[in-house]
Amino acid sequence: MAEAFDVVVIGAGAAGLMCASTAGRRGRRVLVVEHANKVGKKILMSGGGRCNFTNTGATPANFLSANPHYCKSALARYTPADFIAMVERHGIAYHEKELGQLLCDGSSKQIVRMLLDECEAAGVRIEAGCSIEDVRAQDGGGFALRTARGPFTAASLVVASGGLSIPSMGASGSGYQLARQFGHTVLPTRAGLVPLTLSGVHSERLQDLSGVSLPIEATSNGQSFRNFMLITHRGLSGPSILQVSSYWQPGDALRLDLLPSLDAEAFLREQRASRPAAELKTVLSEQLPKRFAQRLCEAWFSNRPMRQYNDPELRDVAAQLHHWPITASGTEGYRTAEVTLGGVDTRELSSSSMASRLVPGLYFIGEVVDVTGWLGGYNFQWAWASGHAAGEVA
Ligand code: FDA
């Protein structure tokens, strides 16, 4: 005999736990089924172990989706202030890192503990280490699930199974399969917030500079991000590169401005006038990390005393500094990506409740949906907001 619940949530991550506690508080009998042995694994590893749990400046403009309007309703009805109020109610100390990013002073374990306490107070049952064998819509409404812990039925089924990033953390892609099973369109997925790889000569020129970091502006497909770039063994990373990676695909133009706060041509002309005997690499070392400036002068420019550069040559060096001629070959992929772009098509979901427009009682929340945030706490804010929206009606 199947045990009956009002709501079954698939996935005990950020969105699933928020949805479960919200629905439980309304008096719904809620079960969360999690196939990993532990709940909230991505929360635990997030923000370097301190969970960047929201961003106070989150607006719909910080999210990518084929339908940029879709996220507006949920984000407006559950705001960063709402989540901060919960964090404060639980006595969790936090701080702002930069640009509105809020992180725990202590550990991301506190956020998982808070969500589990909220679920417990709302009477939610959580089954971790429980794989799902089969999910079916029942004649007459509702859903039947066969799991490793036996059969369950539910009036509402909420899919909160996340995306494909970091498969070792439980990412499975099963949410997309379920969506297709119920007739939903799944838009093509790809890795987002992910390091870019270099190959051939670009890789060879930079490999031994791994660890060097500098502030740049990265631009692709109309979006620019000013922040640090980090050179890695395989390519480029750091916040500016991770951000732009969500807008870039192989073959797209990528502009990396190495001196975004400076008029490089004016600077170089002024240096030529004031210290004509100084070499270009010495001059550039004042604006860029020394080893990086030296490498630019070995591999990209010719290194000479400033007096030996004529005007067109200085203009060319300046142009290359503002638009570094380097081509990324690809990304590191889901193995290291923070998020998955694409997913369940929002045109078939209600923007106020996250409910399927095709199957009554079915909901999709969090990363499995085609809504992806920037780096900096936006993705968790989407998980809380979409989880809350579904939890209020499921
Ligand atoms: P999430 O992936 O959290 O949860 C899905 C759950 O479903 C998982 O527990 C999974 O095991 C389970 N599941 C999957 N298939 C299942 C099945 N068939 N049956 C049962 N269970 C199943 N964001 C941010 O805002 N601030 C940050 O600091 C970071 N930092 C960060 C670091 C790293 C390393 C990564 C990889 C990601 C981040 N992110 C982040 C992104 C953030 O973690 C992500 O957007 C949210 O966790 C998405 O929440 P969901 O609940 O949708 O999925």
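The exercises below, each with a worked solution, concern a predicted model.

Residues are numbered from 1 along each chain as its sequence is written, and side-chain values use heavy atoms, with hydrogens and water left out. Local features need pLDDT of at least 70 and side-chain atom pairs count only at pLDDT 80 or more, while totals for chains, interfaces and linings use all residues.

**Exercise 1.** Determine where T153 is found and whether T153 is buried or exposed.

Solution. Helices (H or I, at least four residues) and strands (E, at least two) are DSSP runs, numbered from the N terminus. T153 belongs to strand β10, residues 150-159. Its relative accessible area is 18%. Buried means under 20% relative accessible area, exposed over 50%, and partly exposed in between, with a 1.4 Å probe and protein chains only. T153 is therefore buried. Contact means heavy atoms within 4.5 Å. Neighbours within four places in sequence aside, the contacts of T153 include A2, F5, V8, Q138 and F143.

**Exercise 2.** List the buried residues of helix α11 and the elements they pack against.

Solution. Helix α11 spans residues 290-300, and F292, A293, R295, L296, C297 and W300 are buried there. These buried residues pack against α7 (200-206), β13 (213-220), β14 (223-231), α10 (280-284) and α12 (311-322).

**Exercise 3.** Describe the polar pairs and the shell around the ligand.

Solution. Start with the pairs. A polar contact is a pair of N or O atoms within 3.5 Å; within protein, one must be able to donate a hydrogen and the other to accept it, and residues adjacent in sequence count only if both atoms are side-chain atoms. A side-chain N or O atom of E34 is 2.6 Å from a ligand oxygen atom. For N52, a polar backbone atom lies 2.9 Å from a ligand nitrogen atom.

Next, the shell. Two or more residues each come from α1 (14-25), β2 (30-34), α2 (41-45) and α13 (378-391). The largest share, 4 residues, is that of α13.
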